[in-house]
Structures are given as structure tokens and as C-alpha cells.
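Please read them with the sequence and the model side by side.

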Amino acid sequence: MAGHIRPRRQRESGGLGSEFPDVSVLVASKAKSRSRSRGGVPSFISSGCLKSRDAVKLPAFAMLLIAYVSFLLLLAICLGLEFSACRARPGPATNPAFRQFQLHFYRVYFLALWADWLQGPYLYKLYHHYNFLESQIAIIYVCGFASSVLFGLVAGWLVDRIGRRQACILFCATYIVCCLTKLSQDYFILILGRVLGGLSTSLLATAFEAWYVHQHVETHDFPKEWIPETFSQAASWNHGLAVAAGFVATFFAEWLSLGPVAPFLVAVPFLMLCGGLALRDWEENWHPGGVAQTKFTRSCVEGLQCLLADSRVLLLGGIQALFESVIYIFVFLWTPVLDPHGPPLGIIFSCFMASCMIGASLYRVATSKKYLLQPIHLLSLAVLLAFFALFMLSFSTSPGQEAPSESFLAFLVIELACGLYFPSMGFLRDRIIPKKQRAAVLAWFRLPLHLLACMGMLALYGSGDGLSGTRHMFVACAGLMLAALLAVVSLFSVIRHDTELRLDGQEGLQQNGPVPSGL
């Protein structure tokens, strides 16, 4: 049953993890039987209650087989492309002190990334496991997005005020509390957990990089030209960690039958180790005293002025808001579309991340000296692929005619598009947005992005039309992606003669943008 999750009941047997023993009940008290409106949840939240209707399902074994075969195939393609890229990539800096400093940073940073990815595959499943309606789950996600908007605006200022190392330790502490809230079946505690998750991801995106850059330049006095190498390697490892995290989450949640809360508990010791290593091994570094508050207020105004004064920046912000808001909605919808058909969600997640990794590897190949495609061309391709995938989903999620295998294929295409999109967008942002105003401009970019995502999810369940609501949402997302494509065409017409926005092939190998977070 795509697009609608019924109240929890005995499911058909078959497939790994078709029914989870509730491990969280060992720590939280057994939940009382719930009516269609969960006790303790305001009526306005549960008013979007969806009618139940059986969906056409593939046998659980079929989706299980599709998931594992796809994972092996995608993993083989990833390894082939990565080995090819390694041969073409220039050799890393051989300075022993620099290599030691990189390892010093990676040891802590990779633990943080690993703990973050472990929480991706089973988040929606956990809320469903606690018998919440889709409308109630949507509210939890919206609170998380709102938290990301709020803390994203002040994260840079907060990191500078309290110190970069302290901010990394704060990330670990808040994320541990966020994970532990998943043991509770209380609706408002789970909302609090999502708010803390928004703070944690904002710190993850700012504190670690800020600490590294300061130590690289100010403490060790290494050349600034070496900084992209560190983050390019980190991005490559980030893809691999994401793929492995889905596999490990499936191992604990389904193979060991510990339930969807297990990956969140597994993340806790890694976060503790991350914080402990940062406290023991990292030096503190600060923003110059007395400047941060003034800088924060002034930078917000300057960022808005930069956004409105340059049509290239405005178009770039429009593309980011349209494309990434659709990705946030996709992050919410993929589980209820596929889960009723019995696939292992962690393996599905690994397939998504492998597909994204393939996209990033294809970007490196396409921008190499051999092919010399420009980032704006690959950005256009990414948006076009996402549009066709969403168009496919508008048919594969039709009520009563669900085609989960086709939906899964469309989701893989979206992730492939993400792998092309993020490094392309990262390159254009670096060249178009002035460095001085970049942080403030990106904060303004995120505002309409999260607003569109929140409005989309609220619109999906506000009408109570659950039977065709998911299909209608994918149609709307296709419309947003079409608008993004038009914005890309407009941006191309503006910058096509700008030589500063072209790369020479060697530079493209360093543009290995992040995997979309939140999955």
C-alpha cells in the first residue's frame, strides 16, 4: 500500500524483519492500545487520519531479492568507478606532518559521520512501529526541518562563540540525547528528539570543518591549496560510510531482530567515542573575541543584499530551494512507498547511497580532462534525471496499481541525480557567491528550501486524502523540478560566456560534494 501506512497489525509473514520484536519496550513501558488518534497527541495533528485500503503487493521475497541483487550490482559499479577515478586522480600531498594532521582530523570526523548515517534507514519505520499515523509522523519531520532552519541560521555564530572543539563535543552530546529519545513512545519527546537532531546536524555541517580550516591555516601553516584535498577525500569516504551504515543498520534491526530502534542505540557509543577523542586530542580554537555578534548581525543583511543584487546568485538559490526541497520530501516518502512490500530498509538505503556515489564518481569522470564537461551541464542533467524519475513515480504510486519495483528504480535515479547535483552546485556556489557573504547567503538559501518541504508535507496530509495523496505529491514535486530545470536554463544563458565558471579538468576531480543528508 504505497503512500499510506495503516495502524500496526499482524503482517503477512515472509522476508527478513516482517515483524519486529519491540526491543524498546524493554526500556520504555509497554504502550497502551491506541485508537486512531493517539493518546496525548492534539486532535489537530491526528485530524489528517487516512483511510485504510489494502494495496497490491509484490510477494515479500520478490522485493527482498530485488533489494539484495541491486545492492550487489550497484556496489560492483561503485568499486569499478572508484578505482578508475583513483588512477586518474593526482597523487596526494606527501608531507608527513600534513598526512598525520589529516588522520588526526579524520579519526574524529568519520566517527561523527558514521553515527549520523546509522540513523537514516529506520527513522520513519521507528515512528510507524510506535503506531503513529502518517499525519503525525509528518509533523515530527516538519519540526525537524524547522529546527534545521532555526539552528542553521545561528550555527556558525554559535560555533565561533563557544569554540570549535566545544561545538563538536556539543554535537556529540545533543545527538546522544536525540538517539536516546527514540526509546520513548511519547509523541512530544520524539518531537524534542527531532529538534535536537536539527541542532546536531547543523553543528555537524559547520563545527568540524571550521575547526579543521583554522588548524590547517593558523596552527600548522599548511598551504590553503591543500584544504580541498582533505575534504575531497572526506567526501569519498562519506559515501562509503553511508553505504556501509545501511548494511549495519539492517544487521542489527532485522537480522538480529532487535527492531528499528537498534541502529539509534548502536550510534550512541560511536558518538561517545567521537566526543572523547575530540576532547582528548583536539586543541580548542576560537573566533576573535568580541567580533562574532556584530559579524552575525551584519552578515545576515549583507547576505540578503548579495542575494538580491546578483541575478546569478538569485537563480542559484532558486535552483537549490526547488531541487533540495523535493529531496527532503523524497526522504520522507520513500519508506511508506516501499515498506509495505517487505524490503529490508537498510539495504534499500545502502542502494540509494551507492547510486549517489555512482553519480559523484560519474561527475569526476565527466569533468576530467578526457571529457571536460562543465558543472552547469551536469547540473542540467541532474535536474532532468530527477524530473523524469518523479514523473515515473506519479504513475508507479497510483492507488491500487502500485509498482514498487518501478518506484525503487525511480528512487535510484533520484539518488544518481543527487550524486551529480551536489558537486556541480558546490562548484558553482564557490565561483558565483563571494566568499565573504557565502555563509549568510547559504543560510538564506535554506530558508525557502525548508519552507517548501514543510508546506509540501503539511499539504500532503492536511486534506486527509491518503489514497492518492502520495501520487499527487510526486506530481507536485515533478512540477517543482520542472521549475528548477527552467531556472537552470536561465542560469546557463546568463553565465555561458563567463570563463571564471569553467574548469580545466584537473579541478573537477576535487569537486566531490556531499551526499544529501537526512536519509
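1. A residue is called buried when its relative accessible area is under 20%, exposed when it is over 50%, and partly exposed in between, with a 1.4 Å probe and protein chains only as cover. Helices (H or I, at least four residues) and strands (E, at least two) are DSSP runs, numbered from the N terminus. With these terms, the buried residues of H9 include Ala-262, Pro-263, Phe-264, Val-266, Leu-271, Cys-274, Leu-277 and Asp-281.

2. This is a predicted model, in which local features need pLDDT of at least 70 and side-chain atom pairs count only at pLDDT 80 or more, while totals for chains, interfaces and linings use all residues. Residues are numbered from 1 along each chain as its sequence is written, and side-chain values use heavy atoms, with hydrogens and water left out.

3. The pLDDT, which is the predictor's confidence in each residue from 0 to 100, has a mean of 81 over the protein, and 80% of the residues reach 70 or more. Residues 1–56 have pLDDT below 50, and beyond near neighbours in sequence this stretch has 124 contacts in the model, a contact being heavy atoms within 4.5 Å. The pLDDT is also below 50 over residues 505–519, a stretch with 61 contacts beyond near neighbours in sequence.

4. The secondary structure consists of 16 helices and zero strands, and 55% of the 519 residues count as buried. Among contacts between residues at least 6 apart in sequence, 88% join residues at least 24 apart.

5. Helix H9, residues 262–281, has 20 residues and reaches 30 Å from its first C-alpha to its last, close to the 28 Å expected at 1.5 Å a residue, where the expected span is 1.5 Å times one less than the number of residues. The buried residues of H9 pack against helices H3 (96–118), H4 (123–129), H6 (164–180), H7 (187–219) and H8 (227–255).

6. Helix H14, residues 404–432, has 29 residues and spans 40 Å from first C-alpha to last, close to the expected 42 Å. H14 is mostly covered, with 22 of its 29 residues buried.

7. How many salt bridges does the model have? A salt bridge is a side-chain nitrogen of Lys or Arg within 4 Å of a carboxyl oxygen of Asp or Glu, and by this rule the count comes to six. One of them joins Glu-229 and Arg-99, with the closest N and O atoms 2.9 Å apart; this pair links distant parts of the chain, since Glu-229 is in helix H8 and Arg-99 is in helix H3, 130 residues apart. Glu-229 counts as buried at 14% relative accessibility, whereas Arg-99 counts as partly exposed at 26%.

8. Arg-107, Arg-280 and Asp-281 are linked in a network of salt bridges. Arg-107 and Asp-281 meet at 3.3 Å, N to O, and this pair links helix H3 with helix H9 across 174 residues. Arg-280 and Asp-281 meet at 2.7 Å, N to O. Arg-107 is partly exposed, with a relative accessible area of 41%, while Arg-280 is exposed at 61%.

9. Val-365 lies in helix H12, residues 345–366, and is partly exposed, with a relative accessible area of 25%. Val-365 and Leu-81 are 284 residues apart in sequence and 8.5 Å apart in space, C-alpha to C-alpha.
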